Amino acid sequence: MPTAKKTAAAQALAEFSDFNLKMARGQQMLQRLKDEDIQIATADKEVVFRQDKVTLYRYQATAKPSLKVPVLVAYGQIGRYTMTDLQEDRSMLRNLLALGVDVYAVDWGNPTRSDRWLTFEDYVDGYLNECVEFICHEHGLPAINLLGICEGGVFSLCYAALYPDRIKNLILTITPVDFHQDQAEGRANHGLLNLWTRGLGADDIGRLIDANGNLPGELMSYVFAQMTPGATLSKYNVGLLDTFDDEKKLLNFLRMEKWIADRPHHPGEAAKQLLVNLYKNNELVRGEFQLAGRTVDLADIKVPVLNVFAKDDHIIPPKTTQALRAAVGTRDYTEIGLDGGHVGVFVSGKSQGILGKGIHDWLRKRD
Amino acid sequence: MSEKSDTSDTGSTWAAAWATSQQALMQAMFPVQPGVPGVMDTQGALQEQFADLQDTWQESIGKWTELVQQGPKAAAITPEALRELFSPARWSGTGTGSFDAGLRHVLEGPKYALLVDMDRKLLALKQLASQRDKDLAAFHAIMLKAWSAAFERFSSSVASTAAEAPATWRGMADRWLTVLNDTLIEVQRSDAFVEAQRKMLRSASDHRLQEQKIAEAWCEAFHVPTRTEMDEMQRTVTELRRQLRALQRAGRPQPAVNHATATPPTKRLGTKKPRASVRS
């Protein structure tokens, strides 16, 4: 009997029955699942370089090489690089490997209070530079392709501006550049992080870091959860229930949760630079950001630049990253705007065929 | 016996002792010498002067006595204390007077008795906890108002669009979540919300730093390195690592150029150990 023709009471009963069936099915699935079923970042890789807590991985090739120059992927400190290889069918890294790209990725590790004094200089001049030097040395190359993600994109911009000879092509994904353009499109759900940070005084941020040593991962999780209140509130009830139809959906959900839960603390001094110098004072796009006494001038970036952004990115609103076009010193600047949100660029089913191919095709023309 | 009357008695005793000793002093200074020729004429005048002087002196002593009896610190100015003030023995011991409290601290280190100061620290902590709770309550009040507003919007949306009103619990849930989401985002962009979050974060940080201060006081008493000392040490280590990296970089040969190859990782890396730096 079609639902429309049921009486209200019968409809309610049918709905109640469906609900219970779904719950029972979900319970069965959860009982079957084990931790090894929800592993993330499982693409084959080898440790090729280590320094302090930083690890450089080289990924196992899965196709005939199509580019001469390898790509180094640099994530930020707000989340972990494992998002780039969430699962087999949702993995930017695997997509690049399948297209014949030689891929390296840097893992910044899990900072603790002992890392509170690490600064942007340590990441840019130190660790990232060491990784680039290592790859250049291993391949006998003067320069490599650098792919930065989110805050890792900011590291990459700084590196490309300060070490232009070491970068052949620069790729940025969901990377903030002009931190004050968060409301350029007037979308209320965009840029809460920008607003939140501007609402804090520099001394509030200083006290926060002094009290905790680092910028606590839990605090950032809280801020991110606030940005999408409806989704946050419904995630473990309505959202989880929706996955009980299909085990694959449930596994996707759990893997994503695993990544979200693994939010590292951000080293304190570097966090101050991120929140005060960049988010509050907007020094990067103003050409005022200083690293070890040198000014990061984005106009010094003269290599080809590919800037990938998400059209509905509430964390890095499009205009905050599109500001890069006017700031860099190259004419070879390309943008790819993808449907979806911040993390969706990497993990949504829709973006899988687009992101990796877009990057590969762009690089191939400039190899 | 109460502390007050104790103090008062001690003051009277001291005042009486002081008055007696001063009278004796005056008599010693101006002795009466009867039967000495030539002095009889002046004796009356002298006696009169002496009596006047004695009255004035006694009046002065009376005032001092009154003052001493009024003061709550009379116990500190006992005859014993006055005697000790001039006693060389008083200066020979270590750590026995306020003068050498600094020396005592250096020689003996912090004592458990000093932890009495913990009361003040704990009080400050309590005040900061109270401030934090107040800021948290202010934030919750804003959120509660937002939820109420969302519920009103949801109720009127369901009532006013009866034709499109959700027929299932899931439809209702989705409608509620949409309305709530939009309302909360709207509120999150308000100055009041941003300020409430700032205050909450600030008072939480202040409270945590006060906790650290208390923990560090205990650490010092029990010879345990403090958080601040550990932070300072770690800062030094970070700076040394920077210097080491710079030195290693300076001593490293530059990569050769123009040997661009796309080398599959399998062959080389299977046998090759990662080039780890000296630190792990």
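Biologist: Where is the place of A:Glu15?

Modeller: A:Glu15 is in helix α1 of chain A, residues 8-32. Keep in mind that this is a predicted model.

Biologist: Is A:Glu15 buried, exposed or partly exposed?

Modeller: Partly exposed. A:Glu15 has 17 other C-beta atoms within 10 Å, and 20 or more would be needed to call a residue buried.

Biologist: What is A:Glu15 in contact with, leaving aside its neighbours within four places in sequence?

Modeller: B:Thr168 and B:Trp169, so two residues of chain B.

Biologist: And how far apart are A:Glu15 and A:Pro142 in space?

Modeller: 65 Å, C-alpha to C-alpha. In sequence they are 127 residues apart.

Biologist: Let's move to the interface. How many residues of chain A are in contact with chain B?

Modeller: 47 residues of chain A, and they are in contact with 47 residues of chain B. On the chain A side, the elements that give two or more residues are β1 (45-51), α3 (120-139), α5 (192-198), α6 (202-212) and α8 (229-243).

Biologist: How do the residues on that side of chain A divide into nonpolar, polar and charged?

Modeller: 23 are nonpolar, 12 polar and 12 charged.

Biologist: You listed α8(A). Where is the kink in it?

Modeller: The kink in α8(A) is centred on A:Lys235 and comes to about 80 degrees.

Biologist: What does the span of α8(A) come to, end to end?

Modeller: The end C-alpha atoms of α8(A) are 20 Å apart. Its 15 residues should span 21 Å at 1.5 Å a residue, so the two values agree.

Biologist: Which residues of α8(A) are buried?

Modeller: A:Pro229, A:Gly230 and A:Ser234. Their cover includes α7 (217-227) of chain A together with α7 (169-188) of chain B.

Biologist: Now α4(A). How many of its residues are buried?

Modeller: 12 of the 12, so α4(A) is largely enclosed by the rest of the structure. Among them are A:Phe155, A:Cys158 and A:Tyr159.

Biologist: How far does α4(A) reach?

Modeller: Helix α4(A), residues 151-162, reaches 17 Å from its first C-alpha to its last. That is close to the 16 Å expected.

Biologist: On to strands. In what sense do β1(A) and β2(A) pair?

Modeller: Antiparallel, over six bridges. A:Arg50 stands opposite A:Thr55 in β2(A).

Biologist: What about the hairpin of β1(A) and β2(A): which residue takes a positive phi?

Modeller: A:Asp52, with phi near 50 degrees. The hairpin has two residues between the strands.

Biologist: Which other strand does β2(A) pair with?

Modeller: β6(A), residues 103-107, in the antiparallel sense over four bridges. A:Tyr57 has A:Ala105 as its bridge partner, and A:Leu56 has A:Val106.

Biologist: And how do β3(A) and β6(A) pair, parallel or antiparallel?

Modeller: Parallel, over four bridges, with β3(A) covering residues 71-74. A:Val71 stands opposite A:Val103.

Biologist: Why is β6(A) described as largely enclosed?

Modeller: Because five of its five residues are buried. Both faces are covered: A:Val103, A:Ala105 and A:Asp107 on one side, A:Tyr104 and A:Val106 on the other.

Biologist: And how many residues of β2(A) are buried?

Modeller: Five of the six, so β2(A) is also largely enclosed by the rest of the structure.

Biologist: How many residues are in the largest nonpolar core?

Modeller: 104. Residues with the most contacts inside it include A:Leu72, A:Val103, A:Cys131 and A:Cys158. The largest share, 10 residues, comes from α3(A).

Biologist: What does A:Cys131 touch, beyond residues up to four places away in sequence?

Modeller: A:Phe49, A:Leu56, A:Leu72 and A:Val106.

Biologist: Last topic, chain B. How many helices and strands does it have?

Modeller: 10 helices and one strand.

Biologist: What percentage of chain B counts as buried?

Modeller: 9% of its 280 residues. Among chain B contacts between residues at least 6 apart in sequence, 71% join residues at least 24 apart.

Technical notes:
Residues are numbered from 1 along each chain as its sequence is written. Chains are lettered from A and ligands numbered from 1 in the order in which they are written. This is a predicted model: local features need pLDDT of at least 70, side-chain atom pairs count only at pLDDT 80 or more; totals for chains, interfaces and linings use all residues. The expected span of a helix is 1.5 Å times one less than its number of residues. Two residues are in contact if their C-beta atoms, placed from the backbone, lie within 7 Å. Ala, Val, Leu, Ile, Met, Phe, Trp, Tyr, Cys and Pro count as nonpolar, Asp, Glu, Lys and Arg as charged, and the others, Gly among them, as polar. Two strands pair if DSSP finds at least two bridges between them. A nonpolar core is a set of buried Ala, Val, Leu, Ile, Met, Phe, Trp, Tyr and Cys residues joined through C-beta atoms within 7 Å. The bend at a residue is the angle between axes fitted to the seven residues ending there and the seven starting there.
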